[in-house]
Structures are given as C-alpha cells and as structure tokens.
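Dear colleague,

Please find below the structure that I am handing over to you. My notes on what was found in it follow directly after.

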Amino acid sequence: MKRLLLAVLAALLALAAAGYWFVMQTRAGQDMALEFATGALTAPAATPPADTLRVVMCGTASPLGAVGRRACVAVLVGKRFYLVDAGAGSGQTLTLERIPAQHLEAVFITHYHSDHIDGLPNHNQRSWVAGRPAPLQVVGPPGIEEVVAGFNRAYAQDRQHRIDHHGEDLLPPALGVMQPRVIEPGVVHDADGLRITAFVVDHSPVAPAFGYRFDYKGRSVVVSGDTVVTPSLESMAAGVDLLIHDALSEPLVSAMAARANPRMQKVLVDVLDYHAHTTDVAALAERIGVRKLAFYHLVPVPQNTLMAAIFMRDIPDSVVLTEDGMTFDLPGGSEDILVDGQRG
Ligand SMILES: [Zn+2]
Ligand SMILES: [Zn+2]
C-alpha cells in the first residue's frame, strides 16, 4: 500500500514537472498560458455595488523610504472614481487593480509637495488614452493653476506625439489638457449622492494644505493629506466610518536620524513635527469615535516585518497599516467595513 502511494506521488510530481516544462519552455504551452492570463489581466475589475463607497489605496508611501508608491487614495462610487493626490507610481496600482482609467472624474490635491503631484501627468495620460470623455479636472487650494499649467506645458510635446501617432479621433486634443479648479474650504462637490468637503489641515510651513471628506449613502471617509493632529480634522473626522491618516513612526525616524549624516539628520528632525505621530492619531481616533483608522503616507515606509512591527508599536490591533492596492468597502445601509473583502 505504502509503495503504491509513493508510486502515485512520484507520478503526480513527474506530471507537474512535465506540465511546468510544457508551459515555460514550449511555444504551444506559452501561447496557451498567455491566452488564459491575458483574459484575466485585461478584464476590468468588478464595479462596486451601487450603494457602496469603495476606497483603493493607490499610494501609501511617503518620500522617506525606498519602497511603495507615493500618496494617492482612490474613492470609487459605481463606475466613477476620484483621486485624493496623485503621487508617483500610483497609476500603476490602478492598472494592477484593473480600475478602468476612463472613469477618472477628478483629482483632488491636498498640497503641492512633489510626492502628492508627481504622478499627475501619468493619470492624465492613461485616462485620456483609455477614453475619458472630458478634460481631467484637477482641484486644489490656490496654486493649482500654476501646477497644472506647468504640467500641461511640460507634456505638450508628449500629447502631440500621441495625437500624431493615433489620430485626433482616438485622442481629441482638448481632452489631453488638464483643467485646474481652485477651491476654498467647504463643500466642493455635491452630485448624484456624493458630497466632497475640503477642510484646512496643519502642515506648517506648507499652507494652504487641505484634507477631504467623502459622504455617500450614509457612509463616510476622511483622507487627512499631510498634517499633524489638528482641531479642524478632529471636527471633520468625528464619528467618521473610515479615517485614512498620514502617520509618522517616531521610533523609526529617530533611529534613522541618530545614524544619519548631519545634513540628513537636520532633514529628519525637521520631519518629526510635520506629520502626525502614530500614537497621536490612534489617540485622536479613539477620542472622536472613528470607526476604522488606517495609516497611510507612511513615514518611513516599513520595508520588512520588523519595521512594520515597530511602526505599529503601542497601536491597537484594529488599526490598519495600509499597503498599495488595499481596498476598503463601505456598503450603504450597513455598518460593515470590509478590508480587502474581509470584515475588518
Ligand atoms: Zn507634504
Ligand atoms: Zn507628503
């Protein structure tokens, strides 16, 4: 009996090895696998249910660290989606998550540090090529006109090359030019059940700096942008379903500063009072009745499990350390908050 089992096991292993060789080393096997895989890779992700507020973390990193895509939070309502910030690499996350780029409605910028805007041209280009039906709206505090005009000018040749290549029917020139919209704090969007509210945060000496709140079907999400814990954020985030807050690990940044050269030591010490410390955000969330707290814009980005453990030191288990591609679903008419499809 034992011999028979061993023989069956050996036969199965040989079969698996032969199958692996067929797929990896023969043209027929590669083509077969390609047909199967491209179908799965190119199919768009399922649209969220009509009453669900969905958040996809397109960029969770800060400039401090060697891994991760920079600040970007996608908020999806049905097919439409909105971005809060457009950090470098964040378009790749949306590609990996198979979110159809043509449904990008607008980008809301929190402030004009490079890590919040350096992926903007990529979002514009990928949504234009995918068939976005209107120019991309880029919304932010005063200063947005200059940022958008600069990117539009820098990418003028790129747009023309693409129009020359693919034709104006496929790429209407006017749709490739981003449109700035200057906003003041308050309700900045209210249509089809979705309300977006801008509010001032404290990222001194950067001013103005905004955070954004999204309300849809009785569910709510606040994205802090870069800030320390500040009263305006406390009132906007009181009782919110999901607070996505920038977070700095004091033990990690202090350890890095202690070993840095004098120049970088000055930079790291300056950074300490300009993002919210993890423990301060956790205490805030507890104090104001936030239902789910998630850290993003991680300062520094944990590169391994040890760093992640130190980052989450003294933080309740319920708090989420976000990663690129992580998804939160808030179904209407319920109190559920699903993290990557699981009840969180
Ligand atoms: Zn900043
Ligand atoms: Zn930043």
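How many aromatic pairs does a search of the whole structure find? The search finds 5 aromatic pairs. Please bear in mind throughout that this is a predicted model.

One of these pairs is formed by Phe 108 and Tyr 212, whose arrangement is edge-to-face, with 5.3 Å from centre to centre and 65° between the planes. Phe 108 belongs to strand β4 (residues 104–108) and Tyr 212 to strand β9 (residues 210–216), so this pair ties together parts that are 104 residues apart in sequence. Both partners are shielded: Phe 108 is buried, its relative accessible area being 2%, and Tyr 212 is buried as well, at 0% relative accessibility. Together with Tyr 82 and Phe 210, these two residues form one aromatic cluster.

The largest nonpolar core has 32 residues, and the members that touch the most others are Val 55, Val 73, Tyr 212, Ile 244 and Phe 328. Strand β9 gives the most to this core, namely 4 residues. As for Val 55, its contacts beyond the neighbours within four places in sequence include Val 73, Val 221, Leu 242, Ile 244 and Phe 328. As general background, nonpolar side chains in soluble globular proteins tend to be buried together.

I turn now to the metal sites. Which residues are the protein donors of the zinc ion (ligand 1)? They are His 111 (NE2), His 113 (ND1), His 203 (NE2) and Asp 226 (OD), which lie 2.2 to 2.3 Å from the ion. Along the chain, these donors follow the spacing H-x1-H-x89-H-x22-D. The angles among the 4 donor atoms run from 93 to 162°, and the site is irregular. The site links distant parts of the chain: His 111 is in the loop between β4 and α4 (114–117), while Asp 226 is in the loop between β10 (219–223) and α8 (231–237), 115 residues apart. His 111 and Asp 226 are both buried.

The zinc ion (ligand 2) is coordinated by Asp 115 (OD), His 116 (NE2), Asp 226 (OD) and His 297 (NE2), at 2.1 to 2.2 Å. In sequence, the spacing of its donor residues is D-H-x109-D-x70-H. Why is the arrangement around the zinc ion (ligand 2) called irregular? It is irregular because the 4 donor atoms subtend angles of 85 to 174°, whereas four donors count as tetrahedral if all angles lie between 85 and 135 degrees. Asp 226 lies in the loop between β10 and α8, and His 297 in strand β12 (residues 292–299), so this pair ties together parts that are 71 residues apart in sequence. His 297 is buried, as is Asp 226.

With kind regards

Definitions and conventions
Residues are numbered from 1 along each chain as its sequence is written. Chains are lettered from A and ligands numbered from 1 in the order in which they are written. This is a predicted model: local features need pLDDT of at least 70, side-chain atom pairs count only at pLDDT 80 or more; totals for chains, interfaces and linings use all residues. Side-chain values use heavy atoms; hydrogens and water are left out. Rings of Phe, Tyr and Trp (its six-membered ring) pair if their centres lie within 6.5 Å; planes under 30 degrees apart count as stacked, over 60 as edge-to-face and the rest as tilted. Helices (H or I, at least four residues) and strands (E, at least two) are DSSP runs, numbered from the N terminus. Buried means under 20% relative accessible area, exposed over 50%, partly exposed in between (1.4 Å probe, protein chains only). Donors are N, O and S atoms within 2.8 Å of the metal (3.2 Å for Na, K and Ca); water is not among the atoms, so sites may look incomplete. Four donors count as tetrahedral if all angles lie between 85 and 135 degrees; four count as square planar and six as octahedral if opposite donors are over 155 degrees apart and all others between 65 and 115; anything else is irregular. A nonpolar core is a set of buried Ala, Val, Leu, Ile, Met, Phe, Trp, Tyr and Cys residues joined through side-chain atoms within 4.5 Å. Contact means heavy atoms within 4.5 Å.
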